[in-house]
Amino acid sequence: MAKRVSGADFQAEVLDEKLPVLAEFYSDSCIPCKQLSPILGGIEDDYEDQLKVVKINVNFDADLAQKYEVAASPTILIFKDGAEVQRVRGLIKRPELETIVKEVLG
């Protein structure tokens with residue numbers, strides 16, 4: 001299960017991480033976010049040694065959402081070497097997300 005990250009540990013958990021990081025910005029009341037959860041769980045399981053998956057709650061960490069210009073939930077940002085390299089807004093199907101993950105992993 002993806003670790004919940006807050007503004008306090010975002011630097012260490014995402015930007016300083018050696019592996020690429022898939023960060024989902026979500027809210028608890030968001031239905032598409034709930035639908036995305038098992039997809040992210042599968043990605044996390046299948047790529048556990050190559051990719052870190054984290055979740056950021058936009059209600060509790062609005063400052064992070066604002067900093068990264070997240071206007072809708074869910075929004076997935078993929079970071080590599082501390083920089084955003086991919087962005088996906090809204091619900092995405094597993095095959096499409098997997099294609100993006102494979103591109104990032106090279």
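User: Which residues form one aromatic cluster in this structure?

Analyst: The model is predicted, and it holds three aromatic pairs. In one of them, the rings of phenylalanine 10 and tyrosine 68 are 5.4 Å apart, centre to centre. In another, phenylalanine 10 and phenylalanine 79 have ring centres 5.8 Å apart. The aromatic cluster consists of Phe10, Tyr68 and Phe79.

User: What kind of aromatic pair do phenylalanine 10 and tyrosine 68 form: stacked, tilted or edge-to-face?

Analyst: Planes under 30 degrees apart count as stacked and those over 60 as edge-to-face, with the rest called tilted. The planes of phenylalanine 10 and tyrosine 68 stand at 45 degrees. The pair is therefore tilted.

User: How many residues apart in the chain are phenylalanine 10 and tyrosine 68?

Analyst: Phenylalanine 10 belongs to helix H1, residues 10-15. Tyrosine 68 is placed in the loop between helix H3 (62-67) and strand E4 (75-80). The pair thus links distant parts of the chain, and the separation is 58 residues.

User: Which elements hold phenylalanine 10 and phenylalanine 79?

Analyst: The pair ties together parts of the chain that are 69 residues apart in sequence. Phenylalanine 10 lies in helix H1, and phenylalanine 79 lies in strand E4.

User: What is the order of helices and strands from the N terminus on?

Analyst: The chain has four helices and five strands. From the N terminus on, these elements run β-α-β-α-β-α-β-β-α.

User: What is the radius of gyration of the chain?

Analyst: For 106 residues, the globule rule gives 13 Å. The chain has a value close to this, so it is as compact as a globular protein of that length. Its C-alpha trace spans about 30 × 30 × 20 Å along the principal axes. The radius of gyration is 12 Å.

User: Which residues have the most contacts inside the largest nonpolar core?

Analyst: In soluble globular proteins, nonpolar side chains tend to be buried together. Here 46% of the 106 residues count as buried, and the largest nonpolar core has 17 residues. Helix H2 (31-46), E4 and helix H4 (94-105) each supply at least two residues of this core. The residues with the most contacts inside it are Leu22, Leu51, Ile76, Ile92, Leu97 and Val101.

User: Leaving aside neighbours within four places in sequence, which residues is valine 101 in contact with?

Analyst: Contact requires heavy atoms within 4.5 Å. Once the sequence neighbours within four places are set aside, the contacts of valine 101 are Leu22, Ile43, Tyr47 and Leu51.

User: How many residues does the second, separate core have?

Analyst: This second core includes Val14, Val54, Tyr68 and Val70. Tyr68 also belongs to the aromatic cluster with Phe10 and Phe79. The second core has 16 residues.

User: Which residue has its charged end over the ring of tyrosine 26?

Analyst: A charge sits over a ring only if NZ of Lys or CZ of Arg is within 6 Å of the ring centre. Over tyrosine 26, the charged end is 4.9 Å from the ring centre, and it belongs to lysine 55.

User: Which residues does the cis peptide bond join?

Analyst: Most residues other than glycine have a negative phi, and most peptide bonds are trans. The cis bond has an omega of about -5 degrees. One of its residues, proline 74, is found in the loop between H3 and E4. The bond joins serine 73 and proline 74.

User: What is the phi of glutamate 69?

Analyst: Glutamate 69 lies in the loop between H3 and E4 and counts as exposed, at 63% relative accessibility. Glutamate 69 is not a glycine, yet its phi is positive, at about 55 degrees.

User: Where is aspartate 81 placed?

Analyst: Aspartate 81 has a positive phi near 55 degrees and is a residue other than glycine. At 66% relative accessibility, aspartate 81 counts as exposed. Its place is in the loop between E4 and strand E5 (83-89).

Note on methods:
Residues numbered from 1 in each chain as written. Predicted model: local features only at pLDDT ≥ 70, side-chain atom pairs only at ≥ 80, totals over all residues. Heavy atoms only, no water. Phe/Tyr/Trp six-rings, centres within 6.5 Å; stacked < 30°, edge-to-face > 60°. Lys NZ or Arg CZ within 6 Å of the ring centre and 35° of its normal. Rg over C-alpha atoms; globule rule 2.2 N^0.38 Å. Buried < 20%, exposed > 50% of the residue type's maximum accessible area, 1.4 Å probe, protein only. Core = buried A, V, L, I, M, F, W, Y, C linked by side-chain atoms within 4.5 Å.
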